[in-house]
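User: I'd like to learn how to read a fold feature by feature. Could you take me through this one?

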Amino acid sequence: METKLVRIAEISATSKHPIFTSVYHLINEDMLKQCHKELDGNKAVGIDKVTKDEYGKNLDRNIKELVQRLKNKSFKPLPSLRVYIPKGNGKKRPLGIASYEDKIVQMAVKKILGAIYEPRFLNCMYGFRPNRGCHEAIKEVYQRISYGKISYIVDADIKGFFDHIDHDWMMKFLEWNIQDKNLLWLIRKYLKAGIMEQGKFEPTEEGSAQGSAMSPMLANIYMHHVLTLWFKLVVQREMQGECFLVNFADDFVAGFQYKSEAERYYKELKERMEKFGLELESSKSRLIEFGRFAEQNRRARGECKPETFDFLGFTFYCSKTRKGGFVPKVQTSRKKLEQKVRAYKNWIYDNRNRPMREIIKELNVKLIGHYRYYGVTWNFRKITTFLHRVQQFLFKAMNRRGCRRAYTWNGFVEMLKYYPLAKPKTYYCLY
């Protein structure tokens, strides 16, 4: 099975316009069993309440019946269970939890789509792709600004992207490379499967539920056609100066050498998004002057220092090297820092009555996770600040475990010598 997927990827990579007419048959017993093996059994269950262990007790029979239903097209996906997780701004993010059998089939479809589209995605795309991630996207933006002639940044975010993917456009994009009617039928079935919220069924006329195995791949395919291909084939060819695009899911940054070209792109971008049923988030999308000459130009106009922009939890700002040269720097965005501090504070207070050894052990796991994401070049001061604030909350929480004051600050520092907190560390270099 892996050999067949590799062969599909090779054809996709070497053909100018590959068309795949027969790939549905790859969703067979071997692939579905492999998907079952790879799925995490600790994930939340869908409306059928079936777990991985329960499904695996009669795996051979279940898979055979599933394959038969897929062959005769009697297979019908169950609605996703709608749940909400809190966002940092006080709002809630909707997620769709598929039933276990649907998770298996979705992963199989994802494997086929990945083989077809991964070789065709442009290098500027970093979200939900193998061997790529947030740090690579941050580094690309950093280096294009550092070593290029970029003077203007368009920082954009799409409003409710996953909830507003147009199904008709999605299918048209897929049909450009896939002409297997059976696979297209299955994908449309999932797009139209609906959601179940508080026991009530709601049809899905648009969007792709976040949380499903297939949704990230479909989102990348949509952005590939709506944004990145358009930028490469249309925008770049019309620009006289330097420009770049870095895309991570629905979040993206574009840089330009000339203001007129940046303004033109920003205007056309809004029109482009509207054409495909999307809308830019006005509070998170803007055009700013940023780069090597931004500070000099703004001073000449009697304006304050250059504006900053946020991307993937980091704030980019203009700075100087020790020799006085220009360098863009990054630090944890204020919004993300406050969100993280608040989350750690709540966790510490909720767990303050546990033994100190357990608290420190689990807290260190959380801290290292924070350092591994935010521990990039130029951000050591911010992650050190984060540690100090966590220490302060831990000190206050420990003194609320009883009626009397448990620790003085000096005593608390001595205790940390026996149960030390993980120290900040730079894990990722942007040079």
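User: What does the accessible surface of the protein come to, and what share of it belongs to carbon and sulfur atoms?

Analyst: Accessible areas here come from the Shrake-Rupley method with a 1.4 Å probe, and for residues only the protein chains shown count as cover. For this protein the total is about 22500 Å², with 48% belonging to carbon and sulfur atoms. A word on the ground rules: this is a predicted model, where local features need pLDDT of at least 70 and side-chain atom pairs count only at pLDDT 80 or more, while totals for chains, interfaces and linings use all residues. Residues are numbered from 1 along each chain as its sequence is written, and side-chain values use heavy atoms, with hydrogens and water left out.

User: How many helices and strands does the protein have?

Analyst: Helices (H or I, at least four residues) and strands (E, at least two) are DSSP runs, numbered from the N terminus. Here you get 15 helices and eleven strands. Along the principal axes, the C-alpha atoms fill a box of roughly 70 × 65 × 40 Å.

User: And which domains does the assignment give?

Analyst: Domain bounds come from an automatic or database domain assignment. That assignment lists domain 1 (1-122 + 160-215), domain 2 (222-330) and domain 3 (334-418). Taken over C-alpha atoms, the centres of domain 1 and domain 3 are 40 Å apart.

User: What percentage of the residues in the protein is buried?

Analyst: Buried means under 20% relative accessible area, exposed means over 50%, and partly exposed is in between (1.4 Å probe, protein chains only). Of the 431 residues, 50% are buried.

User: Which residues touch the most other members of the largest nonpolar core?

Analyst: The general idea first: in soluble globular proteins, nonpolar side chains tend to be buried together. A nonpolar core is a set of buried Ala, Val, Leu, Ile, Met, Phe, Trp, Tyr and Cys residues joined through side-chain atoms within 4.5 Å. In this model the largest one has 78 residues, and Ile27, Phe252, Tyr265 and Leu269 touch the most other members. The core lies between domain 1 (1-122 + 160-215) and domain 2 (222-330), because both give residues to it. There's also a second, separate core of 56 residues, including Ile145, Met356, Ile360 and Leu416.

User: What does Ile27 touch?

Analyst: Contact means heavy atoms within 4.5 Å. Leaving out residues up to four places away in sequence, Ile27 touches Leu32, Leu70, Ala108, Val109, Ile112, Leu183 and Leu186. For the whole protein, residues 24 or more positions apart account for 70% of the contacts with a separation of 6 or more.

User: How many aromatic pairs does the structure hold?

Analyst: Rings of Phe, Tyr and Trp (its six-membered ring) pair if their centres lie within 6.5 Å; planes under 30 degrees apart count as stacked, over 60 as edge-to-face and the rest as tilted. This structure holds 24 such pairs. One of them is Phe75 with Tyr190, a tilted pair at 6.3 Å centre to centre and 55° between the planes. That pair links distant parts of the chain: Phe75 is in the loop between α4 (59-71) and β1 (80-86), Tyr190 is in helix α8 (residues 181-191), and the two are 115 residues apart. Phe75 is buried at a relative accessible area of 2%, and Tyr190 is buried too, at 10%.

User: Are the rings of Trp230 and Tyr265 stacked or tilted, and why?

Analyst: They're stacked, because their planes are at 20°, with the centres 5.8 Å apart. Trp230 belongs to helix α9 (residues 215-238) and Tyr265 to helix α10 (residues 259-275), 35 residues apart. Trp230 counts as buried at 9% relative accessibility, and so does Tyr265 at 0%.

User: Where does the charged end of Arg132 sit?

Analyst: A charge sits over a ring if NZ of Lys or CZ of Arg is within 6 Å of the ring centre and within 35 degrees of the ring normal. The charged end of Arg132 sits over the ring of Tyr126, 4.7 Å from its centre. Lys172 lies over the face of Trp169, also at 4.7 Å from the ring centre. Trp169 is itself part of an aromatic cluster with Phe161, Phe162, Phe173, Tyr222 and Phe276.
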